[in-house]
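Subject: Structure handover

Hi,

Here is the structure for your review. My notes on the ligand sites, a helix pair and the backbone follow below.

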Amino acid sequence: MNVERTKVAIVGAGPSGLLLGRLLERHGIENVIIENRSREYCESRIRAGILEQVTRDALTEAGVADRLEREGMVHGGIYLNFNGQRHHIPMDELTGGRCVTVYGQSEIVKDLFAAREATGAPIVFEAEDVSLDGIDNDEPVVRYRLGGVEHEVHADYIAGCDGFHGISRDAMPDGYQQLYLREYPFAWLGIMASVAPSTDELIYAQHPNGFALHSMRSASVSRLYIQVDPNDDIANWSDARIWEQLHIRMATDGWTLHEGPVTEKSILPMRSFVATPMRYRSLFLAGDAAHIVPPAGAKGLNLAAADVIVLAHALADRYSSGSETGLDEYSDRCLRRIWRAQHFSWWMTQMLHTNPSEDAYGQQLQRSQLEYVCSSTAAAKSLAENYVGLAIEQAVSA
Ligand code: FAD
Ligand code: DHB
């Protein structure tokens with residue numbers, strides 16, 4: 001048995017666990033990250049790609065934004081495509097100059113791993129049978145097995161950053177949390193393609209065949225999505241069939257979608273979920289462990305970052321001044337922002353997807369909503385301010 005002690009034990013090396021670990025390091029707070037997958041697996045997991053300014057600033061503050069500064073693509077707007085027409089939403093103009101940055105989540109994860117490797121701060125990969133104990137008597141411990149040896153990490157606090165399928169949420173007592181869930185009758189099929197993007201800014205398209213999105217990762221890599229049935233099988237989707245649907249759903253006069261070799265494709269489930277409160281005694285949940293949004297609002301990664309920014313500051317206060325106010329307020333502060341993003345993500349989802357069971361009346365409402373957003377500055381401004389992301393108001397005291 002190997003026993004060690006730290007201040008904060010972090011379960012999960014996704015964006016929330018890695019960024020929390022890094023921010024705590026910068027505050028001089030020792031921490032251990034315990035991840036059940038390999039580093040290579042974590043680095044190659046393709047997910048989100050849009051960073052709000054708050055997320056970008058946090059990565060800069062954490063000293064891990066050098067490559068992001070060089071390779072990230074700043075976007076001041078998006079296009080909405082419907083009825084064969086393309087409309088530009090100039091988010092920067094509508095929000096007093098705020099923008100988003102296109103930079104892959106897998107690149108953020110690589111940058112954070114490299115930074116942690118450089119400082120030598122402890123991180124465990126491929127931990128087996130990770131479990132939490134001692135939360136009820138405030139002697140929290142994370143247990144796991146590595147190479148046949150049992151390990152215990154005793155900590156002041158545990159941060160459950162282990163995603164929707166992790167074990168941290170279930171370590172809270174039965175019935176302690178209120179769970180909010182909404183399922184959708186669609187999923188996204190995402191591809192990565194080795195071809196220059198056919199657009200300067202992202203295209204979100206609504207079409208009777210279903211939603212489509214043209215995003216990108218670099219000047220030579222495109223990221224594209226189409227709405228599919230949640231029970232569909234990726235084996236049903238040849239590259240040719242995917243491109244055909246992308247052409248149809250994003251079609252607009254005078255514009256050509258360029259095809260290229262597909263290097264990755266998968267079907268992503270979609271749901272809205274919130275578990276409250278996000279704290280039980282010395283256990284704090286952050287990111288997907290506590291909440292999930294459907295991806296049309298590009299909020300999942302950004303919410304994960306916002307949670308750990310608030311948590312890192314609260315822990316820094318606790319260790320510098322002894323004040324537990326920030327920790328006590330953590331859940332409520334995060335949840336205000338989370339519910340705004342939940343609503344925005346749900347709103348974008350219902351505006352842009354084709355619901356197979358929607359009646360003709362609902363279809364007309366959807367069309368009216370799209371026309372309103374594309375013709376009213378007030379409506380466009382609401383979309384823009386949510387998309388670029390709200391400030392973490394007063395959430396950070398330092
Ligand atoms: P995660 O990234 O899930 O990280 C959790 C980590 O914990 C993982 O490394 C996992 O291996 C580890 N872990 C799990 N269980 C254990 C355990 N028992 N012990 C130890 N470690 C454990 N958002 C968007 O905005 N746009 C998108 O296009 C988009 N696409 C997505 C596609 C998929 C398939 C998924 C699942 C999510 C997607 N998201 C997207 C959401 C976004 O990627 C997440 O919100 C973000 O990854 C949350 O970060 P996190 O660190 O909280 O959780
Ligand atoms: C990407 C993902 C999203 O969910 C989104 O709304 C925009 C872009 C992406 O992966 O690039």
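First, the residue classes: Ala, Val, Leu, Ile, Met, Phe, Trp, Tyr, Cys and Pro count as nonpolar, Asp, Glu, Lys and Arg as charged, and the others, Gly among them, as polar.

Some ground rules. This is a predicted model, where local features need pLDDT of at least 70 and side-chain atom pairs count only at pLDDT 80 or more, while totals for chains, interfaces and linings use all residues. Residues are numbered from 1 along each chain as its sequence is written, chains are lettered from A and ligands numbered from 1 in the order in which they are written, and side-chain values use heavy atoms, with hydrogens and water left out.

Ligand 2

- Ser-215 uses a polar side-chain atom, at 2.6 Å.
- Pro-295 uses a backbone N or O atom, at 2.6 Å.
- Ala-296 uses a backbone N or O atom, at 3.5 Å.

On its own, ligand 2 has 300 Å² of accessible area, and the protein covers 97% of that (Shrake-Rupley method, 1.4 Å probe; for residues, only the protein chains shown count as cover). Helices (H or I, at least four residues) and strands (E, at least two) are DSSP runs, numbered from the N terminus.

Ligand 1

Around ligand 1 there are 31 residues, and Ser-16, Glu-35, Arg-45, Gln-105 and Asp-288 come nearest. Asp-288 puts a polar side-chain atom 2.6 Å from a ligand oxygen. Backbone atoms contribute too: Pro-15 has an N or O atom 3.2 Å from an oxygen of ligand 1, and Gly-300 has a polar one at 3.3 Å from an oxygen of ligand 1. The protein covers 86% of the 1000 Å² of accessible area that ligand 1 has on its own. Helix H1 (15-26) and H8 each supply at least two shell residues. H8 gives the most, three. The shell divides into 15 nonpolar, nine polar and seven charged residues.

Helix pair

H8 (residues 300-321) also packs against helix H3 (residues 53-61), at an angle of about 50° and with the axes 9 Å apart. H3 is therefore oblique to H8.

Backbone

Most residues other than glycine have a negative phi, and most peptide bonds are trans. Two places to check:

- The peptide bond from Thr-276 to Pro-277 is cis, with omega near -10°. Pro-277 sits in the loop between strand S20 (271-276) and strand S21 (279-280).
- Asp-129, in strand S10 (residues 128-133), has a positive phi, near 50°.

Best wishes

Note on methods. Polar contact = N/O pair within 3.5 Å; in protein donor to acceptor, adjacent residues only side chain to side chain. Axes fitted to C-alpha atoms, helices over the stretch in contact; angles between N-to-C directions. Parallel < 35°, antiparallel > 145°, perpendicular 65-115°, else oblique. Near = heavy atom within 4 Å.
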